[in-house]
Amino acid sequence: QFFEPDDEEQLLADLRSFVADYDDPTLIYYGGNNFDETRLEQSLSTHGFESLKSHVTYWDLGIYAQQELFGDFPDYRLGSVATNVSDWTPTSDLDGFLVGLLYTQYKNGGSEPEWDNLKQYNREDLQALNSITEFITNTK
């Protein structure tokens, strides 16, 4: 988990170093609209870094889930899919929209959010992503 709330340039440099250690790395995220890839590439460009597109494969698991997974899902949000394909259960009461809002407000001069709560939410997101990835891998 990369965490650097006030130094995006350093965060991006750390990410670039991390992916450089792997052959053909895949960055998996759950957006359903390529948002994470687009935002990451914009940030890299803003800070003068080369695009990662030639070094990594981006995989929006949200798009894959909507197109390929069929089940009794109430919706295709990350938590809904993860709880339906595995024994994963969330403990955080936050959601991605609220996390994004809190961080955006902070970056725009608002109050500092409870970082531990946001990092816990992020850890749960990673666990949910992993549970869906394992489900897909085991059913192919």
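A salt bridge here is a side-chain nitrogen of Lys or Arg within 4 Å of a carboxyl oxygen of Asp or Glu. The model is predicted: local features need pLDDT of at least 70, side-chain atom pairs count only at pLDDT 80 or more, and totals for chains, interfaces and linings use all residues. Residues are numbered from 1 along each chain as its sequence is written, and side-chain values use heavy atoms, with hydrogens and water left out.

**Exercise 1. Salt bridges**

Task: State how many salt bridges the structure holds, and describe where the partners of E8 and R39 lie.

Solution: 
- Step 1. The structure holds three salt bridges.
- Step 2. In one of them, the side chains of E8 and R39 meet at 3.5 Å, N to O. E8 belongs to helix α1 and R39 to helix α2 (residues 35-46), so this pair links distant parts of the chain, 31 residues apart. Helices are DSSP runs (H or I, at least four residues), as are strands (E, at least two), and both are numbered from the N terminus.
- Step 3. E8 is partly exposed at 29%, and R39 is partly exposed at 39%.

**Exercise 2. The other two bridges**

Solution: 
- Step 1. The side chains of E37 and K53 form a salt bridge of 3.7 Å, N to O. E37 sits in helix α2 and K53 in the loop between α2 and β2 (57-60), so the bridge ties together parts that are 16 residues apart in sequence.
- Step 2. E37 is buried, because its relative accessible area is 17%. K53 is exposed, because its value is 52%.
- Step 3. R77 and D75 also meet in a salt bridge, at 3.0 Å, N to O. R77 counts as exposed at 56%, and D75 as partly exposed at 24%.

**Exercise 3. Aromatic pairs**

Solution: 
- Step 1. Rings of Phe, Tyr and Trp (its six-membered ring) pair if their centres lie within 6.5 Å; planes under 30 degrees apart are stacked, over 60 edge-to-face, and the rest tilted. The count by this rule is seven aromatic pairs.
- Step 2. W59 is partly exposed at 26%, whereas Y64 is buried at 18%.
- Step 3. Y103 lies in helix α5 (residues 96-107) and W115 in helix α6 (residues 115-139), so the pair joins parts twelve residues apart in sequence.
- Step 4. Y103 is partly exposed at 30%, while W115 is buried at 13%. Together with F3 and Y106, Y103 and W115 form one aromatic cluster.

**Exercise 4. A nonpolar patch**

Task: Which residues make the nonpolar surface patch?

Solution: 
- Step 1. Patch residues have over 30% relative accessible area and no salt bridge; like charges are joined within 9 Å, nonpolar side chains (Val, Leu, Ile, Met, Phe, Trp, Tyr) within 5 Å. Accessible areas come from the Shrake-Rupley method with a 1.4 Å probe, and for residues only the protein chains shown count as cover.
- Step 2. The patch is made by F2, F18 and Y22 and covers about 300 Å².
- Step 3. F2 is placed in the segment before α1, and it is partly exposed at 39%.

Definitions and conventions: Buried < 20%, exposed > 50% of the residue type's maximum accessible area, 1.4 Å probe, protein only.
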